[in-house]
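This report concerns a disulfide link and a nonpolar surface patch. The sequence and structure come before the discussion.

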Amino acid sequence: MYDAMTLVPTDAEQSGGEFLPDMVEDESVAEPRPLLTPEGVRTAFTLFVVVAASMFVIWNLRPWLWITDSTPTGGDLGAHVWSPAFLRDELLPNFRLSGWTSDWYAGFPAFTFYMVLPSLMIVMVNVGLSGPLPVLASVAIAASAMRARTKWGHTPGRVVAVYSVAGLAWMLSVPVSYGIAIKLVVVLGLITLPASAWAAGKLGGLAFPGPAMLSVASLLFIFDRSYNIYGGNLMSTMAGEFAFSISLSLAMLYIGFAARGMETGRHRGIAAGLLALSGLSHLFPAFFALAATAALFLIRPGRRAFRWLMVTGPVAFLLAAFWVVPFFANRAFLNDMGWGKERRFVQALWSRSGSFGDQSFLANSPTLQLFVILAVVGAVISGFRRIRFGMAMSMVAMMFAAAFVILPEGRLWNVRIVPFYYLAIYLMAGVAIAEMARGAAGFLERVGSVNARTTEILSGSVIVLTLGITVVTLGMPLRSLPGGDFNAATGKYEWLGLSSSQLNLGPGWVEYNFRGYEDKGPTADGGGTTEYTDMIATMTKVGQDHGCGRALWEFDAGRLGSYGTPMAPMLLPHWTDRCIGSMEGLYFEASATTPYHFLMQSEFSAAPSRAQRDLPYTGLNVGTSVGHLRDLGVAYYMAFSDQALAQSRAADGLTEIATSGPWVIFRVDDSPLVVGLEHMPVVLDGVGDGGEEWLIPSVGNFTATEDVPLIAASGPSDWPRASLSDLRDTDPQYEALSDDDDRVAVMKYLADVMGEWLPADPVGSVEITNIDEGVSSISFDVDRVGTPVLVRTSYFPNWDVSGGSGPYRVSPNLMVVVPTSNHVDLTYGRSGVELFSIFLTLMGIGALVVIGRLADERSGPALWDLTDRLAADLPQRDEVVAEIRNGRMGPDDVDDLRRELRSERSSIEMGVGFSILAIAASLLLTSFMGEHADTPIRSIVVWAPAALGLIALVFRFGPDLFDFYAYQRRVIAPAVLIADLMGDPVLDLETDVGLELGGDAGATAEPEGDESPETEEPEA
C-alpha cells in the first residue's frame, strides 16, 4: 500500500516539537524538489520590485514629517486645511456630506462642486474612536487579521492585502491630530500608486515580469518634473492636488479589475465600487478609467463584456449619484475661470521644451522622447503578441493625446488631461521593456540554453536592473540616494562618482509644506509665522469686539507667501471659529460669486492676482470702490501696502479699528447683511440659465459707474423687464461689440449704458431689524411687507424662504426676498434633486449586494477580437505533418490549404491598404482644413480615420501579415515538400531529408503576453 511512501517524523518532531506524523516521499524513491520553483522566482522578484518602488516613494516623501503635529501649508494645500474641519464640525453632525457655508465668497455650497471623499478620509483618520474603544478595536483588528491570514492568505499578494487592510483599519480607529491626519491622506495616493500599477498589470493579464515593471514605470510618473499643478505627480500633489493622486491610484486598480472582469464576467461589485470611489475623489482620473474601459471593450467587444459593463457602469453611477447628480443639476452655477487652451502641442506631447509649464524649475525629466519611442515599441509588441492590456493602454495614450489637441477652450482646461497621456506612455514603455526581457529569456529557453527557472531569473533580473537605473536616474535630481552629498562648491549633487546639478523640488516642497504654518520664518518681504499668528489673533479680537463678518484682504503673493502660502488668509474662518469669513476661497469654480470677488480684489490691492481671465479689471482705487464692499456685505477690509493704506485712510466709509504688524484693519461702515432697495430689480430675459449669459450682464451691472437697478434672473410679474436682444436691435455699437466676441468690451459697454437702458422704478423704504445669520440660515424682521429686500449672501437654488416669496437671483449673485410677513426665515436645505440622488445611492448599495450573488458570466462570443491571431484558426505544423504521414492529406489537400491562405492574405493586404489610405486621408484633410481643424467636431472628422487606421494597422492587419509570412515559411513550405516526397519509398524524411516531423505545435506563433485571467492569481 505504501510502495514509495513511508511514515517519517516531521521537522517539528525531529527538533523536539509535537509529533505530527505525515506522509512524505521516501528520499530513495522521490526526486529532489528544487529549492525555488519558477513560480517562486516570479513571486520573489515581483515582491522585491513592488516593495522597493513603494519604499523609494515613501523615502522621498519624508515619512518622519508625517507624524509631526503641524498644520500643512504650501500652495493650495494650505487652504485645503479648511475643508475637512468644516465637514467634521458642521456637516457630519447634521448627517450631511454637502451644505452651505458663509466662510468663503459671501457664501457658497460646500462639497457640491468639489469632491467630498478626500476630506471625509481625513476626518475619519482624525476622529477615530474615543475612550477605551481604540484599544478594543486594536485587539479585534489584530485577531481578524490573523484569522483572515489563515483563511485567505494562500499567496504573498493576499497576505500583503490582508495586513494592508488591517493597518488601514487600525489607523482609522486610533485618533490622531488634525495636521497628521491631513498629511497621511495627502501622501496616500502617491505611496499606493506603485502597488496599484502592479495590480492593474497583473489583473489585466500581463505575464511576468510585466506587472512588476509597471510599478517601476509608475516612479517615472510620480517624479515627473515637467509640470507642477496638473495632477498626479509629486509636485502637483504637494501643490494641493492630493485628491487627484488618490483618485488615480483607485482608477488604476479599477482598470485591472475591468480588464479581468470583461474577460471573466467577475468582479462587477469591486469594479463598480472602485470606479465610484475614483470619481468621488476626483473627476479627471475617473475619465482616465472610463477611457481605459472603452479601449478594453473595443479590443474585444462581445456579449459577456457588454453585460459586464451594463451591470458595473450603472451600479458605479448609482453609488456616486448622491454627489454626481446634484453636481450635474446645478452646473449652471459653476464658475468658469477662463483657463486658456494650451496650444504648444508638440512641446507637450513630445519634447516638453520651450518652457512648457511656464516655470523655470520645470524640465523634460524623465526625457519624454525616449519613453514615447519605447511606448511605440510596446504598442507594436502588444499588437503582434496580442497583449490586451498593452493594446488598451496604447489606445488610451492616443485618446488623450487627441483630446489634448482637439478640446476647445472652455471650462475643461486641456492641460489637465496631459498627465494621463504621460502615465500611459510610461506604462507602455514598461510593457516594452518587460516584453523584450521576456522574449529574450524565452528565446534562450527555446534553444535549450537555460531551463524554465533560469528564464524567470533572467527576466526578473532585467526588471531589477531597470529599477536600479530608474532609482539612480530619479534619485540624483531628488538628491535622496544613500551616501549622496551636495557639493556647495560645485553646486552639484554627487553619488558614487556621479554628479548632477538638476533638482527635483518635490521633496523640498514636502518638507516646506509638512513643517507647517507653525515653522515659517520671515522672508525678504517680511512676514513669517509670528506675523501670521498675530494677524489671526487680531482678527479674532476684532470679531469679539465689533462682531463677526466677512473680510476682504489685500493680496500680495510675496508677503502672504511668507506665511506658508499666498492663500493663508483664506483660513481666517478656520482659525476664528468661523467668526471672520474670507471673501476669497480655494474652490474658485465652486461659487458663482468668484468673479466679483476678484474684481474687488483688484480694486483693493496694490499687486492683485486677477486669477480669473477676461474680466474688466481696474487698478487700486479704494475711494470709489467702497460701495462694492457694501454690495457684497463685506464687514472688514485688511490692508498693509503704503498705497492701499493711504487711500483707505482718506476714503469715506472706512473706519480704522485695529493694527497687527503691517496689517491695518478697517471696518466698512453701513454694511449690514440685509438691506432695502432703492430701485425695483429688473428681470433680464435670457439669463435664467446662468453661465456666460448671466455673467456678462451681471458684471456690467456690478461695475456700472452710477447707481443702477439690479438685474434679476427671474421675479414677480410686477417687476420691470428688459432684454439684451432688444438692446442689440436698437444699439448698433452693442451689436458690433457682441459680434466681435470681446467679452471684456461688452461688459464695459454695458456698464456705461445700463443707467440709461434699465428702467429705474423706485421702491419704498423698509426698516430691517434682528438680522441673524447661522451656518445655513438667515432670519430678519421687517416693518412692512410686500417691499423687496436684498440679502447679501450668494444665491443658490437650495435656499428656501418662509414668510416671504423668493429668493430671486439678482446681480452680482445675491438674493432678493419679498416679505409676506414681518418675520422672514431663509434656510438652506436639501433640494428635491439631492433627495432623489440619495435614494439612487441607496439603490446602488443594494445593487452591490445583489450583484455579489449573481452568477459569473463565463461565455459569450466576441463581435470581433483584436487579440485573435491568424494562425490560431489554421492547422499547426505538427497536425499537418501527422495528417500527411497518415495518408489523410495529400498534395491536393496541401494546395487547398495554400489557396485558403492566399485568400486570407488578400483580405489582410486589403486591410493594410485601407488602413494606410485612412491615415493618408487624415493627412490630406489637414492640408485642406488648416487652422479650421482646431474645432472639436472638425478635428474628430479629420483625425478619426487616421486613428482607426493606425489601430487597425498596429493591432490587427500588421501582425496578421507577419503571421501570414511566418505560417507560409514554417508550415506551408515544409508541408509541400513532405507531401511531394511521401510517394518516394526510398527516402526517410527525418534521416535523409532532415525534416523534424513532430513536436512543433506552437511554432507558428509566439506565446501570448496575456496570462489566463481564469487561473492566475496575484503573486505579490
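## Disulfide link

A search of the whole structure finds one disulfide, defined as a pair of cysteine sulfur atoms within 2.5 Å. The model is predicted: local features need pLDDT of at least 70, side-chain atom pairs count only at pLDDT 80 or more, and totals for chains, interfaces and linings use all residues. Residues are numbered from 1 along each chain as its sequence is written, and side-chain values use heavy atoms, with hydrogens and water left out.

The disulfide is formed by Cys-548 and Cys-579, whose sulfur atoms are 2.1 Å apart. The link of Cys-548 and Cys-579 is left-handed, with -105° about the S-S bond. Cys-548 lies in the loop between helix H22 (529–546) and strand S8 (549–553), and Cys-579 in the loop between helix H24 (572–575) and strand S9 (580–582), so the pair ties together parts that are 31 residues apart in sequence. Helices (H or I, at least four residues) and strands (E, at least two) are DSSP runs, numbered from the N terminus.

## Exposure of the cysteines

Cys-548 is exposed, with a relative accessible area of 56%, whereas Cys-579 is buried at 15%. Buried means under 20% relative accessible area, exposed over 50%, and partly exposed in between (1.4 Å probe, protein chains only).

## Nonpolar patch

Val-346, Trp-350, Ile-373, Val-377 and Met-436 form a nonpolar patch on the surface, together having about 440 Å² of accessible area. Such patches consist of residues with over 30% relative accessible area and no salt bridge, nonpolar side chains (Val, Leu, Ile, Met, Phe, Trp, Tyr) being joined within 5 Å and like charges within 9 Å. A salt bridge is a side-chain nitrogen of Lys or Arg within 4 Å of a carboxyl oxygen of Asp or Glu. Areas come from the Shrake-Rupley method with a 1.4 Å probe; for residues, only the protein chains shown count as cover.

Helix H16 (345–351) and helix H17 (368–385) each supply at least two residues of the patch. Met-436 lies in helix H19 (residues 418–446) and is partly exposed, with a relative accessible area of 41%.
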